[in-house]
Amino acid sequence: MSTRVPLPYTPTVLELFRNPKNMGKMENPDASAQAGSPACGDVISIYLRIAREGDEDVIEEAKFESYGCAANIAAASILTEMVKGRSLRDAWEIGWEDVAERLGGLPPVKRHCSILAVGGLRRAIRHYYEGSRPEWLPEDLTAVEKQALEEEEMIDRFYGGRIGGE
Amino acid sequence: MFMPSVSALLKAHGTPPKEVYLDHENSGWVPPEVVEAMLPYFNERGYGHPSITNKPGWEALEVVESTAETVAATLSVDPSQIHFVHSGTEANNLAILGSMMALKRKGKIIVSDIEHYSVLLPALSLEDAGFRVVRAPVDEEGFVDIDVIRELVDSETVLVSVQAVNHEIGTVQRLKEIVEVVKDRNPDVIFHTDACDAYGKVPLKAEEIGVDLMTLSSHKILGPKGVGVLWVSEGVRVEPILKGALSSQSLWPGVENVPALAGFRKAVELAFQDGLSRVSSLRDRLINGILDGVPDTQLNGPSGEMRAPDNVNISFLHVEGEALTVELSLRGVYVSSGSACTSRVLEPSHVMLAIGKDYEAAHGSLLFKLTRYHSEGDVDYVVDQVIESVGRLREISPLGKG
């Protein structure tokens, strides 16, 4: 088949793949977003239930759906665990490295899975604040958001929609 | 720094109660008879060097020669035309690079769009040396368009390489017809066929088909890894691409892997003694079981007699193939996928894309290869596990839910 690379997943990735937490669509979420594209073989949907607590908007519940590899499913699942009970301001600070670390590490070619998960979360947070951006939320896309966006555009950019042709 | 522990992964994975290995595309399970045939040659006899004048050396030479005779008989060719190398990949490289090195001139090379990487990449590497490489398109079942081949072959053409059977989707090419068209247009063209997936599975008489070079691989017929064959027709010149002390092999330097050759010899005997009719009925049982049991699936490659008897390749929409291989592995079903997520670059199988599959179908494809050691019970188990696995991953997937 194509050029392959060894993928020694960690037991944490395997366990989350086997028994993902917070899996499934949320009905009437307060915020949601999708990142990735079927063409890339990677799509993550993030759903958030948000409540106002004092000065903060706090994530009460987070769910995910994933079309992707085992690492993709595990990354989305662990991220929904990580954000629960945190304010949106706090959740915004979660980096893809944090997600990879909680998974016990990801093979280098799978880092884009955690980038996509974090990119999806940040996109959901932006949706929530559409039209009323708080001060802590950067106006410009962060590196992770750009990378998620880039992956969505990658197939067209690299291959013009078709590989292996003349 | 990511320091993975494969042993921790294996411990977390565990051993499923039933295991069915179907990844014979990538590496093979080796039958006990074959292993047994290899064992004496490590330390009982034939452990010498086939070109040295002592008894263990002559015993080694006997294995090399009798393996060549066994293989030659199955192809109806002369044993002196059988050249051993260390893998199908090496044999394909030798065929492409070695024949072009021997040619002493440049020209056009035509390869089909769905060749194995060990044909495509050496061919493309020759572009730097001044050759022009053209990839011949295939139709949606993987068949080479013979009219396009006829148009492509010209006086500049020096080499054509078309697989006898495709390794991913099992397309059995109309090779004899293609060779006739090529030789009719230009009789000087060297015609190579990668027959790794055809050998022992479909009729393959090299001279009758009319090819000049043919590649075989031991592990594709349940022999040990580490043996490839390049058959070289009389009068066709090939130069060794590895340099070193030549021994019994004029195209490959180094010490012959005699135990592996003994295993390969046994594997050839077994493959040709059994026939494969039972495998094609298992193939159809697996195809029908999955297509009937799982909605939104597509069979990749042709059906019936023009499909290799051992090959099943199916796309499962809305799920990603690598996740499916892991899910099935946890259930003891071992297969591979054409997904980009198993590869070094973000690029799904070039074979899937060449037959016009969209990216989602390519990402969701699974490849199963059956052997005569599988039973109907194995196939039924696999069908059940595939149905459950696809069902579980579709629950997780946001796609295909309307």
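Mentor: pLDDT is the predictor's confidence in each residue, on a scale from 0 to 100. The structure discussed here is a predicted model.

Trainee: What is the mean pLDDT of chain B?

Mentor: For the complex, the predictor gives an ipTM of 0.90 and a pTM of 0.93. Within chain B, 96% of the residues reach a pLDDT of 70 or more. The mean pLDDT of chain B is 95.

Trainee: Into which domains is chain B divided, and how far apart do their C-alpha centres lie?

Mentor: Domain 1 of chain B is made of two stretches, 6-30 + 276-396, and domain 2 covers 33-272. The C-alpha centres of domain 1 and domain 2 of chain B are separated by 27 Å.

Trainee: How many residues does each domain of chain B bring to the contact, and how does the side of domain 1 divide into nonpolar, polar and charged?

Mentor: The contact takes 23 residues from domain 1 of chain B and 23 residues from domain 2 of chain B. On the side of domain 1 that touches domain 2, β10 (311-316) and α13 (350-354) of chain B each supply at least two residues. The residues of that side of domain 1 are ten nonpolar, ten polar and three charged.

Trainee: Which residues of α4(B) are buried, and where do they lie on the helix?

Mentor: Helix α4 (residues 55-75) of chain B has 21 residues, which at 1.5 Å a residue should span 30 Å; the end C-alpha atoms are 30 Å apart, in agreement. Its buried residues are B:Ala60, B:Leu61, B:Val63, B:Val64, B:Thr67, B:Ala68, B:Val71 and B:Leu75. Seen down the axis of α4(B), these buried residues fall within an arc of 150°, so they line one face of the helix.

Trainee: Which exposed residues does the face of α4(B) turned away from its buried side carry?

Mentor: The buried side of α4(B) includes B:Val64 and B:Val71. The face turned away from that side carries the exposed residues B:Lys55 and B:Ala73.

Trainee: Is B:Leu222 buried or exposed?

Mentor: B:Leu222 is found in the loop between β7 (213-217) and β8 (228-232) of chain B. B:Leu222 is not a glycine, yet has a positive phi of about 70°. With 24 other C-beta atoms within 10 Å, B:Leu222 is buried.

Trainee: Which residues does B:Tyr334 touch, not counting residues up to four places away in sequence?

Mentor: B:Tyr334 is placed in strand β11 (residues 333-334) of chain B, and its 19 C-beta neighbours inside 10 Å make it partly exposed. B:Tyr21 is 313 residues apart from B:Tyr334 along the chain, but their C-alpha atoms are separated by 4.8 Å. With residues up to four places away left out, B:Tyr334 touches B:Tyr21, B:Leu22, B:Asp23 and B:Ser329.

Trainee: What covers the buried residues of α1(A)?

Mentor: In helix α1 (residues 11-18) of chain A, the residues A:Val13, A:Leu14, A:Leu16 and A:Phe17 are buried. Seen down the axis of α1(A), they fall within an arc of 165°, so they line one face of the helix. Their cover includes α2 (70-83) of chain A together with α1 (6-13) and α12 (321-330) of chain B.

How values were computed:
Residues numbered from 1 in each chain as written. Chains lettered and ligands numbered in written order. Predicted model: local features only at pLDDT ≥ 70, side-chain atom pairs only at ≥ 80, totals over all residues. Helix = DSSP H or I, 4+ residues; strand = E, 2+ residues; numbered from the N terminus. Buried ≥ 20, exposed ≤ 12 C-beta atoms within 10 Å, placed from the backbone. Contact = placed C-beta atoms within 7 Å. Domains from an automatic or database assignment. Nonpolar A, V, L, I, M, F, W, Y, C, P; charged D, E, K, R; others polar. Expected span 1.5 Å × (residues − 1). Arc of directions from axis to C-beta.
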